[in-house]
Amino acid sequence: MERFEVYIFTALCSINFLISCLLFSKITREQRNPYMDEIFHVPQAQKYCDGKFNEWDPMITTLPGLYLASVGLIRPVVWLSDMKGRVVCSTAMLRFINLLFNSGNLYIIYLIICRLHMKDKSRSASRRMFSALVLSTFPVLYFFTFLYYTDAGSTFFTLFMYLMALYGCHKAAALLGVCAVLFRQTNIIWVAFCAGTVVAQKMDETWRTEQSKKRDEKSTSQVPLTINGVMRVIRFLLEFLKTPNNIKAVFLSTWSYIAVAVAFVVFIVLNDGIVVGDRSSHEACLNFPQVFYFLSFTLIFSFPTSMSYQRVVRFLQSLRKQPLIYAILTISFLFLVWKFTYVHKYLLADNRHFPFYVWKRIFQRHDLVRFLLGPGYVFAAWNFLDTLRSKSLFWCLVFCTCLMAATVPQKLLEFRYFILPYLFYRVHVPLPSLPRLLLEFSFYTAVNAATVYIFLYKTFQWPDSTAAQRFMW
C-alpha cells in the first residue's frame, strides 16, 4: 500500500468507526435490554464472564465462539479497571464487541480485494478502498453490528481465513477456520471452499497444460456450454482424480483443511448432529429454492454494479441462441420449486423479521406466484454466473457447490444466512467504476438508514405482551 493510500484508507476507517459509534449509541439508548436472540446470547456471555463455563442455555444453537471472544476481549478490561465482570459484561459492552469486528471486517475486505485485484494498482486504488467501505456497510451485515449476534464475528474470522488462504498460509487459514466454526458451524463449508480453491488452481494448471499440448488456447472459463463441453470437463475431472500424483499434490496442499474437516466430523458424531441446541427448530432438509432466493437477493443488492443495458442485451442474445438450454433450465427450476419448497414455522409466526413480510406479500399472495418467479430465477442465475465469467470454470464449480451446501439444507428463509456467500461473490467480481460504487454505496446507505429508522421508531406491541417489538432483518 502506498503512503497516500494508507492515509486515505485510515481516514475512511476512522470515519466509518465514528459514524458506527454514533449509531451504536443511539440504538443502545433506545433498546437497552437484550432483544430477539440476544435474550439467549447476552446471559450466556455473562455466565462466561463470571467464569461459569459449564452452564449452557439449551436454546442456543451455535458453538461458544462469540462468548469466548467476548471474554477474551473483556477480561483485560476487568483486570485493568478493577471492575466486576457483570458491570463490564453489560449488554452495551457485549454489543460493542461487534463494532470492533465491523472495523476488522472493513480492513480484511480491503486486503482481500487488494489480493484479488492486483492489476493496475495505480488507477484502481480508490476503487479498492471504496469497494471495501461499501461492502463493510452491506445492510444485512451492518445492522447486526449493533446487536450481540454471531454474524460480525463469524464474517470476520471466515474472511480472515480466506485472506490467509489467498496468500498460501494454509495452516493459519485452517486455524482461523476453527475460530469461524466456533462462531457458526456452517462455516465449515467455507473451510471446504478454501481447500477447494487450492484444488481448483491445480486443476486449472493441469487443464492449461493439457490444452496447450492439444494446441487448444481456450481457457477453462471458455469451455462451450454444450453436451460435448460438459463431457470434456467430466472426463478431465475423472482423469484428474485417478492420477496418484494429483491426489498427492492436493493432499499436501490441503491437509490442514482436511484435519479441520475430520475434527468437525468427530464433533458431529459426539454431538449427534450439527446443531448444539433447539434441534427441533433447526432440522436440515433439501430446500433447493433457497438457492433461488439467494440469487434473487444477490441480484437486488448488486444491481448498482452488476446490471447494465449491455448485460441485458447479452442475456437476450444468449436466450435466442440457446432456447432449448434455457427451457430445460426453467423447467428444472420450476420442478425444484414444486417439489422442494419448505416453509419454516418461524417464517410464518414471527412478524418482527422482514422475511415474514416478503413471504406474506409475495409468495403467499397466490399459489402460482412461486412458479411465475421461475424466469426471474433463471435471469438471476445467468447474471450471477456472467458477472463471474472472469473466474476459471473449476473455481466457479467449487464456489457454486459451496453455495448450494450453505443454502439448500436451510429450512428457514433468513437473510443472515446469505451474508457470507454474498460477500464472497461480491469481492470476486471485477472492480466496478467509481460512479457505480457511489450508486451502490448510496443504495446501501439508504437501506441502512431505513432499517435503523424502522427499528428505532416503528415499534409495535403483541396482544399478549407489553414489551415494544421492533422490525429487523
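## How the model was read

Residues are numbered from 1 along each chain as its sequence is written, and side-chain values use heavy atoms, with hydrogens and water left out. Since the model is a prediction, local features need pLDDT of at least 70 and side-chain atom pairs count only at pLDDT 80 or more, while totals for chains, interfaces and linings use all residues.

The protein averages a pLDDT of 89 (pLDDT is the predictor's confidence in each residue, from 0 to 100). In all, 94% of the residues score at least 70. Over residues 217-221, though, pLDDT stays under 50. For that stretch the model has twelve contacts beyond four places in sequence, a contact being heavy atoms within 4.5 Å.

## Helices α2 and α5

Let's start with helix α2 (residues 38-49) and helix α5 (residues 91-116). Helices (H or I, at least four residues) and strands (E, at least two) are DSSP runs, numbered from the N terminus. The two pack at an angle of about 100°, with their axes 10 Å apart. Axes are lines fitted to C-alpha atoms, for helices over the stretch in contact, and angles run from 0 to 180 degrees between N-to-C directions. So α2 and α5 are roughly perpendicular to each other (65 to 115 degrees; under 35 is roughly parallel, over 145 roughly antiparallel, and the rest oblique).

Which residues of α2 and α5 meet? From α2 come Glu38, Val42, Ala45 and Gln46, and from α5 come Thr91, Leu94 and Arg95. These divide into three nonpolar, two polar and two charged. Here Ala, Val, Leu, Ile, Met, Phe, Trp, Tyr, Cys and Pro count as nonpolar, Asp, Glu, Lys and Arg as charged, and the others, Gly among them, as polar.

## Helices α13 and α21

Helix α13 (residues 289-306) and helix α21 (residues 419-428) cross at roughly 35°, and their axes come within 11 Å. On the α13 side, the residues that meet α21 include Phe294, Phe297 and Phe301. Among their partners in α21 are Tyr422 and Tyr425. By class, this contact has six nonpolar, four polar and one charged residues.

## Two residues to look up

Thr451 lies in helix α22 (residues 434-457). Is Thr451 buried or exposed? Thr451 is buried, with a relative accessible area of 4% (buried means under 20%, exposed over 50%, partly exposed in between, with a 1.4 Å probe and protein chains only). Thr451 touches Phe143, Phe354 and Trp473, leaving aside residues up to four places away in sequence.

Gly376, in helix α19 (residues 374-387), is partly exposed at 37% relative accessible area.
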